[in-house]
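Hi,

Here is the structure I promised to pass on. Have a look at it first, then read my notes below.

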Number of protein chains: 2
Amino acid sequence: MKASVNPAVNPAVAGETPEALVERMARAGRIAQRALALMDDPGKAAALRSAASALRASEAAVLAANALDVAAGKANGLSGAMLDRLMLDPARLGAIADALEQVAALPDPVGQVIDRSERPNGLKLSRVRVPIGLIGIIYESRPNVTADAAALCLRSGNAVLLRGGSEAVHSNRAIHAALVQGLCNAGAPEAAVQLVPTQDRAVVGAMLAAAGLIDMIVPRGGKSLVARVQADARVPVLAHLDGICHTYIHAAADTEMASAIALNAKMRRTGICGSMETLLIDAQFPGAQAVVAKLLESRCELRGDARACALDPRILPASANDWDCEYLDAILSVAVVDGLDAALAHVAQHSSHHTDAIVTSDAAVAERFLNEVDSAIVMVNASTQFADGGEFGLGAEIGIATGRLHARGPVALEGLTTYKWQVRGSGQVRP
Amino acid sequence: MKASVNPAVNPAVAGETPEALVERMARAGRIAQRALALMDDPGKAAALRSAASALRASEAAVLAANALDVAAGKANGLSGAMLDRLMLDPARLGAIADALEQVAALPDPVGQVIDRSERPNGLKLSRVRVPIGLIGIIYESRPNVTADAAALCLRSGNAVLLRGGSEAVHSNRAIHAALVQGLCNAGAPEAAVQLVPTQDRAVVGAMLAAAGLIDMIVPRGGKSLVARVQADARVPVLAHLDGICHTYIHAAADTEMASAIALNAKMRRTGICGSMETLLIDAQFPGAQAVVAKLLESRCELRGDARACALDPRILPASANDWDCEYLDAILSVAVVDGLDAALAHVAQHSSHHTDAIVTSDAAVAERFLNEVDSAIVMVNASTQFADGGEFGLGAEIGIATGRLHARGPVALEGLTTYKWQVRGSGQVRP
């Protein structure tokens, strides 16, 4: 156990270029990661619990720092929603510390054996999970990401290089200082969790270009941030883009179930990526008017095609753009479709491949939907708002991946690992 | 079953830009892939067997096309090794057709359930393997890649866009025409396997830029090809770079085993990525002179550090570059190291993270090496030349991945799939 640590880690060096800063931090992170990769499960869990304690002990300092950010945000005219995301209080800070302890309690993925085999020549093969290495997180205003992302990376044996948004700069620094204090108290390497010490945007570019130094970038934030990261990165990116999620109410759906699912999928929280943006109603579904009436009564604006508009005079006509729009608001596009194939065709054309659902009591139709819809998450008779790592039993998530490689859907600890092949022989040479 | 097919698929359109060509072919490939994703296991296997039959039936046409390439290669002064890679004869063409049948006989990864769980609210989750989508293969002179890569992609439900090297252009076209004839005869979509109809290098750039149209690029060829692809691609790349493979002979190694493994690891085939490039000999290993003598007698050039040179006067002094050099030839760098930690440090500094091996009879030392070496493949008491999909029981491989994400080491059918989450509910809404 280290007796003390200087919480002012990673100071900027005068005159250092963004590229030199990233290289210096990445090299330190990679050295720390080698030590982290060899820490055992109880050691990493203890380090996270120690970080949680340190964060609780730093409540006054973190809230004071957060007050600076909130004041600056008000002066800069941040929206109420943005200020709410930014603001910490004792309860929210306690929840962040609780989350660290919850991640500490998750099973360690490192060392898990994915599969084993033995070859006819006696070679014994196993694939074993190992950390990815150094992960760069580029995120916007929520200061809880500083702790959440650090915890998931550390739990899976990865070092992390954090670059938070300017709005939360004081909060992020205070949270980071507390985390590092706690981690070091428990014997974890100081550079396992580093925060970029400058808000110079050129540092983001240098991180994206740091192939060979940073192993993966995870952008967390709005569409423009993620799109910029994807467009510029030379480092592999685990990205979460749009959630244009569909619910298709099949002819053989129970009206009450369909109505409850549609209402929940759209209105439980409208601002999350798993919220439904388009409702497809089968022309043969008898409960269509009841479902749309429920949505309208919950103050959801509906925009329909011609047949949907005929269901209720309160439905506005949709424009062509509506079918490709992630509203993230109490607005829903509605189309009437002729059967499963028409629904599948609409989903194939307009889905962002995040989460799509069907409501039906016909098991064969459900299986066809599950098999033929090419999205990260495909659901039968459930609300698309279940698209979440916690709801999937993964404990926590670093994001919901909409790309096709490495990991799809909610990405938790396993998605922050890769594997290696271990081969045990007894002197075999290849003929 | 289609009665006939025009083998002159994908004709170039006059005046079409490289971007328009790639977009047209990619869209056709994506439509074909949707059909392919729904073909069942026997259907895909039958299509590959049909392709093998068609290739055998096209022997005369393929060999005549290949003769054109070989003649052009000679006229253009291709090296003997390059001409040998390019040249087909009835036996080699038969082996390519056999390989198609072997891939047909492999288990279909699509639809395999990776894991299942049930949530307290009754939601049933399963992760199911699905194809990646449309895969672009960019390769150099070996015409067998045309058939091998197409077979692996098709077996795993992916469509493929092939762009072969100019040296093999006639061979590739003839092989491709036969494959498509065979696939279509068995009811597979014609655009499942497409060959870029022009050698314009700008088409490679357009493929690399086609994010959203091509899901993954696999470069197969020399270091400069792979490096160019990695530097320029906006599409995710599954890349295989250097194989700077080490073998560490620990103090407690059996001399005869160590000698046999070192000789095989270096000299069985010197030109493959799994061949050993650096031998680390423990200063306490008593059989060092015997091991180096065996290598020298097999006409391997040894380049050593000072202590290695002291083992035998025939060893040349190594320069600093030698420790980072992939010779792919009968040349080996040799260093004497003081114990496991020094060996691990050398490997950490110089390995390309492809394959590294230890020879030891000490089980605890072996386990430390297996755990602490951060390479795609780590071996104990075996030759690094076993780094191969066939030797690993995977049937065939699209390459040996040295990156960290998605797949590592030999990549076979499983590496050509991703997964989706299927969620089966009974009306659940999220509280």
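**How the two chains meet**

100% of the interface residues of chain A are also interface residues in chain B, so the two copies meet through the same surface. In numbers, 49 residues of chain A are in contact with 49 residues of chain B (contact means C-beta atoms, placed from the backbone, within 7 Å).

Before you go on, please note that this is a predicted model: local features need pLDDT of at least 70, side-chain atom pairs count only at pLDDT 80 or more, and totals for chains, interfaces and linings use all residues. Residues are numbered from 1 along each chain as its sequence is written, while chains are lettered from A and ligands numbered from 1 in the order in which they are written.

Strand 16 of chain A brings the largest share, 11 residues. Sorted by class, this side has 23 nonpolar, 16 polar and 10 charged residues (Ala, Val, Leu, Ile, Met, Phe, Trp, Tyr, Cys and Pro count as nonpolar, Asp, Glu, Lys and Arg as charged, and the others, Gly among them, as polar).

Chain A superposes on chain B by a rotation of 180 degrees with 0.0 Å of shift along the axis, with an RMSD of 0.1 Å. The two copies are thus related as by a two-fold rotation axis. In chain A, the residue that comes closest to the axis is A:His406, with its C-alpha at 1.8 Å.

**A sheet across both chains**

One open sheet has 10 strands, in the order 1(A)-2(A)-16(A)-13(B)-12(B)-7(B)-8(B)-11(B)-9(B)-10(B), and its pairing is mixed (two strands pair if DSSP finds at least two bridges between them). Strand 1 (113–118) of chain A and strand 10 (316–317) of chain B are at the edges with a single partner strand each, so one side of each has no neighbour in the sheet.

Where do the chains join up? Strand 16 of chain A pairs with strand 13 of chain B in the parallel sense over 5 bridges, and A:Gln422 has B:Val378 as its bridge partner. Helix 14 (363–372) of chain B lies across strand 16 (417–428) of chain A, and also across strands 12 and 13 of chain B.

Strand 4 (159–163) and strand 5 of chain A are joined by 3 bridges, and A:Val160 stands opposite A:Val193.

Helix 2 (41–57) of chain A packs against helix 6 (144–155) of chain A at about 160 degrees, with the axes 9 Å apart. Axes are lines fitted to C-alpha atoms, for helices over the stretch in contact, and angles run from 0 to 180 degrees between N-to-C directions. Among the contact residues are A:Leu48 of helix 2 and A:Ala151 of helix 6.

Cheers

Methods
Helices (H or I, at least four residues) and strands (E, at least two) are DSSP runs, numbered from the N terminus. Copies are superposed by least squares on the C-alpha atoms of residues with pLDDT of at least 70 in both.
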